[in-house]
Structures are given as C-alpha cells and as structure tokens.
Amino acid sequence: MPKIGIIGGSGLEKLNVLKDVKEVYVTTPYGLPSSSFLTGTMFGNEIAILSRHGREHTITPAGINNKANIWAFKELGCTNIIATTACGSLKEEIGRGDIVLLDQFIDWTKHRALTFFDDFHPDAMSHTPMADPFSEDIRGIIKKAAGEINCPLHEKGTVVTIEGPRFSTRAESYMFRMLGAEVINMTTAPECILANELQIPYAAIALSTDYDSWKNDEEPVTWEAVLEIFKENVEKVTTLLIKSVELM
C-alpha cells in the first residue's frame with residue numbers, strides 16, 4: 001500500500017514522477033476526493049498522488065472536499081503527506097519564485113469543513129493539539145533535500161489561508177502582514193488541520209508567486225501572473241519534492 005501521500009497544488013496537477021503507475025479511485029464516508037489517485041513507486045517508496053483542484057484545475061479552493069481528500073490518504077495507508085501550494089508573499093524578502101517551508105498557519109477561512117469530530121465521543125480525542133501543525137520530521141527532510149540540491153529555501157513561514165477565490169483587498173493584505181503572516185494562500189490550513197486530526201504527519205512546500213496586494217509600487221496579484229511564475233519554477237519545486245521523497 002502507498003505510504004507517502006503527495007498533494008499537487010496549482011501548476012502541479014499532473015505530476016509525472018512515478019514508476020509502475022496505477023490509477024486508483026477511492027470512495028470515502030465524506031464523498032469523493034478531488035481526483036483519482038496515481039499510485040506507484042519512487043526510490044522504493046510507495047506513493048499516492050492527489051490533484052487538489054482536480055487534474056484540469058476545475059475545483060475552486062472553497063469547493064475542495066478536504067475531508068474526503070485526507071480521509072482517502074488514510075484509507076490508502078499513507079503515513080506522511082507532502083503538499084505543494086502556490087502562495088503570495090507578505091514580506092519583501094520573500095521574492096517571486098522563492099520556496100517557503102511552512103511551519104505555522106492562520107486560518108482565515110469561513111466556510112470550510114475543518115473537523116472530523118462533528119460529535120464528541122468519550123473514546124475519541126476530539127480537541128486536537130495544533131501548536132506546531134507541520135511535521136518537524138518531514139520539514140527536516142525537506143530542508144536536507146534543499147541543501148543537497150542547492151535549492152534556496154526559507155526554512156520557516158507562517159501562512160494565512162483565506163477563503164478565496166478572490167484575492168485580498170489592500171486593507172486585508174496590510175492586516176495580514178500586521179498579524180504576522182509571511183505568505184498567503186487559499187488551501188493549506190484546512191488540509192493541515194484535518195491531517196493532524198487523523199494523525200498523519202503533514203508538511204507543505206510553498207512557492208511564492210506574487211506580492212498579494214500590499215506593495216504600492218507594483219501591480220496587485222492576478223491569476224495570470226501567478227500561473228506564469230509557477231510555470232517558470234515548477235521544475236524547481238518538483239526536483240525538491242523528488243529529492244525529499246528519496247531521503248524519506
């Protein structure tokens with residue numbers, strides 16, 4: 001059974017990195033995941049890859065069935081999850097094309113399903129600790145991988161996850177900076193919360209594609225600009241992901 005789960009985000013919907021590939025469909029008590037899973041091997045590790053937004057990028061951030069996605073990884077026997085995500089930078093020093101290894105999140109979503117514990121049960125631990133939500137073990141492996149392939153990396157970063165699909169107003173962008181967020185996206189917090197609830201170690205590799213809306217000397221973020229930067233850097237993210245799996 002696959003052991004390492006990979007979530008391909010925007011620009012990485014069709015990762016082609018596996019040997020002995022099979023397409024696997026998973027049903028869950030929470031409905032269907034965003035896509036079928038591509039399972040196979042990489043460096044002897046069993047892998048299961050899911051496309052977060054669907055393989056044709058048709059699912060909006062708020063439309064992602066995160067409960068089904070994370071539950072399906074559990075069903076497949078995955079013991080770790082590495083996610084990739086595009087993000088906007090809220091700091092001058094995090095430039096376009098930079099990779100950020102997330103270590104904290106601020107959940108600013110409004111309409112997401114964020115828990116498997118819809119009811120309290122005496123034999124279930126329903127209040128999940130979330131002080132350090134990203135796996136330090138996996139983060140350590142990714143940092144080591146970055147060093148081995150000479151890939152510059154911001155080793156920490158707080159992400160604020162907003163509802164989307166719209167981008168921030170300038171006022172919101174300024175506020176998120178004041179709150180201490182360093183990057184911004186629309187997907188990470190719900191995934192990370194649910195993975196922690198199922199006790200699956202989770203880490204996220206974030207690629208900075210823009211400066212959100214806070215920089216007055218630049219044009220505010222657009223989807224076209226996000227895709228352009230991601231396409232320019234997708235090979236870098238994929239190489240880091242592959243090296244990380246090798247070291248796991």
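**View 1. The two sides of strand β5 in the predicted model.** From β5, Asn 80, Ile 82, Thr 84, Ala 86 and Gly 88 point one way, Ile 81, Ala 83, Thr 85, Cys 87 and Ser 89 point the other way, and all are buried (under 20% relative accessible area, with a 1.4 Å probe and protein chains only). In a regular strand, side chains alternate between the two faces of the sheet. Strands are DSSP runs of E with at least two residues and helices are runs of H or I with at least four, numbered from the N terminus.

This is a predicted model, in which local features need pLDDT of at least 70 and side-chain atom pairs count only at pLDDT 80 or more, while totals for chains, interfaces and linings use all residues. Residues are numbered from 1 along each chain as its sequence is written, and side-chain values use heavy atoms, without hydrogens and water.

**View 2. Strands paired with β5.** Pairing requires at least two DSSP bridges between two strands. Strand β1 (residues 4-8) runs parallel to β5 and is joined to β5 by 4 bridges; Ile 7 has Ala 83 as its bridge partner. Strand β10 (residues 202-210) is also parallel to β5, with 8 bridges, and Ala 204 in β10 stands opposite Ala 83. Strand β9 (residues 183-185) pairs with β5 in the antiparallel sense over 2 bridges, with Ile 184 opposite Gly 88.

**View 3. The contact of helices α1 and α4.** Asn 66, Lys 67 and Ile 70 in α1 meet Pro 190, Glu 191, Leu 194 and Ala 195 in α4 (heavy atoms within 4.5 Å).

How values were computed
Buried < 20%, exposed > 50% of the residue type's maximum accessible area, 1.4 Å probe, protein only.
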